[in-house]
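The exercises below are meant to be worked with the sequence and the model side by side. Try each task before reading its solution.

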Amino acid sequence: MKVNRFLGFVSVLLLAAFVAACSNQAATNEPSSPVEAAPTDAPAIGAPVAAATEAPAPAPTAAPQATTAPAAPTASGGSTLQTIKDRGELICGSNDQVPGFGSVDASGQTVGFDIDFCRALAAAIFGDPNKVTFRPLTAQERFTAVQSGEVDVLIRNTTNTLTRETVNGMDFAPTNFFDGQGIMVRKSDNLNTISDLDGATICVQSGTTTELNLADAFRAVGASFTPAVFEDANGTFSAYDAGQCDAVTTDKSGLASRRLSLSSPEDHVIMDVTLSKEPLAPAVLQGDAQWRDIVTWVIYGLFNAEEYGVTQANVQEQLSSDDPNIRRLLGVEGELGAGLGLDNDFMVKVISAVGNYGEIYDRHLGPNTPINIPRGPNAQYTDGGLIYGMPFR
Amino acid sequence: MAQLDNKLQPSKAIPFYRNVKVLALVAQIAFLLILGLLFWWLIGNMLSSLRRSNIPLSFDFLPQTAGFEIAESSIRYSATDSYGRAFLVGILNTLRIAVLGIILSTIFGIIIGIGRLSSNWLLRNLAGAYVELFRNTPLAVQLIFWFVAVILKLPRVRDAIAIDGIFALSNRGLTLAWPVAGESYAAWSIWFWVGLVVGVIAYVLRRQQLQRLDRPLVAWPVAWLAVLATWLVSWLGVWLFTGSSPLVIDQPHLSGFNYIGGVSITAAFFALLLGLTCYTAAFIAEIVRAGILAVSKGQREAAQALGFTPFQTMRLIIFPQALRVIIPPLTNQYLNLTKNSSLGILVSFPDLFFVTTTINNQSGRAVQVILIMMACYLAMSLLISLFANIYNSRMRLKER
Ligand SMILES: N[C@@H](CCC(=O)N[C@@H](CS)C(=O)NCC(=O)O)C(=O)O
């Protein structure tokens, strides 16, 4: 009996708390969408309003409308930036298994080409490239992490595809590395074409475009293969290294990077075939145009900075440049940053922190690094490449 | 008395807010209400955030082309098949590992459990060490150990440990010679069924015979003998008649990159089976030990006094009684093994969980895919529980 009374009391308390929480949420709703805050008990008004504001399925009654409302304010109001500012740091979905692009160095620092784009964003928002937490994600985990809002942005050698933009609910920023899928084999096996690999066992990572392209490429030439599918890059490449597979496939950048951590890199070659286009691009969750614009224009800013010769070393001098392009890029002229919800000199902070696109590239992938990937398609358009910063206007 | 009660009634009427029964009812209704509201809110929240990011919530992706290969499958599957079929491949792979794992871990568990009670010092302590080692380290660690430190360290396929035409063991797995259908298989296949029918008839007849002789009704040895005899005779007959054997041995041989022919157990399957079996056997051993210890000492002494050998005592007296204590916790281990098989992703085995995460990733339908996966695991677990309950009620002491 005592227990029962206690239970009853707790239930009432819980109920009260719940009601309070609900009304609380309704209250916070009001500023952003006053129309939706009202209809809690007015089906007649609630339903049509619902149909008008939330396009897909008109809610049958007012009640579900009221319950779905709390999540709505974050919709397109551009609150991601505010959330990040309130939190005091950016959360960046990253890679920690592909040295050069994203890995953890001997001193415990997360470093790499993709990592510097995360730092650039942190610099644009906070003026500090270290106000960022890296969340290492495998290929399998990454989209769910974006969808659930666990990360603000995904910068992790992710290929831009139609499916990922639609059913995966993501929006891609400009490609920061143009890549293609390759195959790595043992030199001693003397393999040159996909047909040579007929009947081979091939290591591949699951949840990637590369596992899809692999099946396509073999089907196209009528060759068969046995896949050995792994969850992460470490598993994939250690199985290949141990000889469980005759070949391993992923983006050529990934191959170049991981080749160096094989037990004897010089015994392996990347075949001279390209299976696919792999435009690797940062991605954000769909539905927040402002946040997407910020990611997009920080990248364009980095492209432009290289084109105009603005570097980490000379960015302060360039503030007094006469070139109107540079003056707008650095916020000396115009209100471009404000349009994004950032400071007008956001690119000054970015370039001071990580340099321009070319500097980031050289630092992690350039001729003085062990990976040394030639710029190729990742050169500026002025040098015959595909890197083309949209105008800061 | 009744009169007194009636008199007291009005003045003792409890107001509803102090009536325990009413309060209990209200509390329960309120609790249910809160639970319902909570779910309503959670689901609404999920739906609205899916809508916000334009992620569809329908199952119409199931017939679409999956596009990815799966490392191994017990049914025909290729990248051009549908997501639905990929699910099926995952389910069947999980069932395959679960069934085999349950059988093997039960056998090893019983052996080790009995070993722990042995009067032989070495055996007893080895069994004890085994149990402590495997029970007290995480399964994930063990799986990675088996895969990385044992299987991957086996010789490469070109230097495989092999007897040509019989077996080959490499870090890609084990390939064994295996009988496959020969030219005259079609002619023989009817005899396969005839054999089974003969077996059933033999079983019935033998049972009747035993009943007449008033002997224990153990009819299956004769029945199986009849089946095998029919198969063998018909097989020889077909062979002599057509000049070709209905079943031929498919011998593995190295061709190009891999061994072909025979049957293969992949490295991934091998590692997972090894890991699950060793781990679960340790728990089963403890259950078996407890079950045996629960049978009173008098039973053993009585059996010995009647001249039973130790093996007979165990098989006929102790173990059947111990089973009653063993089965319920054993069911738990079977459920654990089945659910633990989802760690197959660590050793690249494409079980339901691994395939599901890939489908999730490639199709983008996180919510639907996870719902399907949960439903599948739930169904499997309930099925195992059901069988175990049926078996359990059959083994229970019939109290008259
Ligand atoms: N670009 C491809 C493949 C990207 C990918 O996941 N590559 C692998 C192999 S280099 C990787 O980064 N793995 C690291 C990890 O999973 O931690 C995609 O977007 O699907």
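**Exercise 1. Work out how H8(B) and H10(B) are oriented to each other, and which residues join them.**

Solution. H8(B) and H10(B) are roughly antiparallel to each other, a label for angles over 145 degrees, where under 35 is roughly parallel, 65 to 115 roughly perpendicular and the rest oblique. The model is a predicted one, in which local features need pLDDT of at least 70 and side-chain atom pairs count only at pLDDT 80 or more, while totals for chains, interfaces and linings use all residues. Residues are numbered from 1 along each chain as its sequence is written, and chains are lettered from A and ligands numbered from 1 in the order in which they are written.

Step one is the geometry: the axes of helix H8 (residues 267–293) of chain B and H10(B) come within 8 Å and cross at roughly 155°. Axes here are lines fitted to C-alpha atoms, for helices over the stretch in contact, and angles run from 0 to 180 degrees between N-to-C directions. Helices (H or I, at least four residues) and strands (E, at least two) are DSSP runs, numbered from the N terminus.

Step two is the handedness, which for H8(B) passing H10(B) is right-handed; the near helix is then turned clockwise from the far one by less than a right angle, and a left-handed crossing is anticlockwise.

Step three is the contact, for which C-beta atoms, placed from the backbone, must lie within 7 Å. H8(B) contributes residues including Leu276(B), Phe283(B) and Ile287(B), and those of H10(B) include Ile318(B), Val325(B) and Leu330(B). By class, this contact of H8(B) with H10(B) has 14 nonpolar, five polar and no charged residues, where Ala, Val, Leu, Ile, Met, Phe, Trp, Tyr, Cys and Pro count as nonpolar, Asp, Glu, Lys and Arg as charged, and the others, Gly among them, as polar.

**Exercise 2. Describe the pair H11(B) and H12(B).**

Solution. Helix H11 (residues 352–363) of chain B and helix H12 (residues 366–395) of chain B pack at about 165°, with axes 9 Å apart, and are therefore roughly antiparallel. Among the residues in contact are Leu352(B) and Phe353(B) of H11(B) and Val369(B) and Met373(B) of H12(B). The contact of H11(B) with H12(B) has eight nonpolar, three polar and no charged residues.

**Exercise 3. Find how chain B meets chain A.**

Solution. The contact takes 46 residues from chain B and 51 residues from chain A. Helix H2 (20–52) and H11 of chain B each supply at least two residues of the side of chain B that touches chain A, and H2(B) gives the largest share, 18 residues. That side of chain B divides into 23 nonpolar, 17 polar and six charged residues.

**Exercise 4. Locate the ligand.**

Solution. Of the 19 residues around the ligand, Thr138(A), Ala139(A), Thr208(A), Ala233(A) and Gly254(A) come nearest, a residue being near if its C-beta atom, placed from the backbone, lies within 6 Å. Domain 2 (79–176 + 281–383) and domain 3 (180–277) of chain A both give residues to this shell, so the ligand lies between them; the domain bounds come from an automatic or database domain assignment.

Conventions
Two residues are in contact if their C-beta atoms, placed from the backbone, lie within 7 Å.
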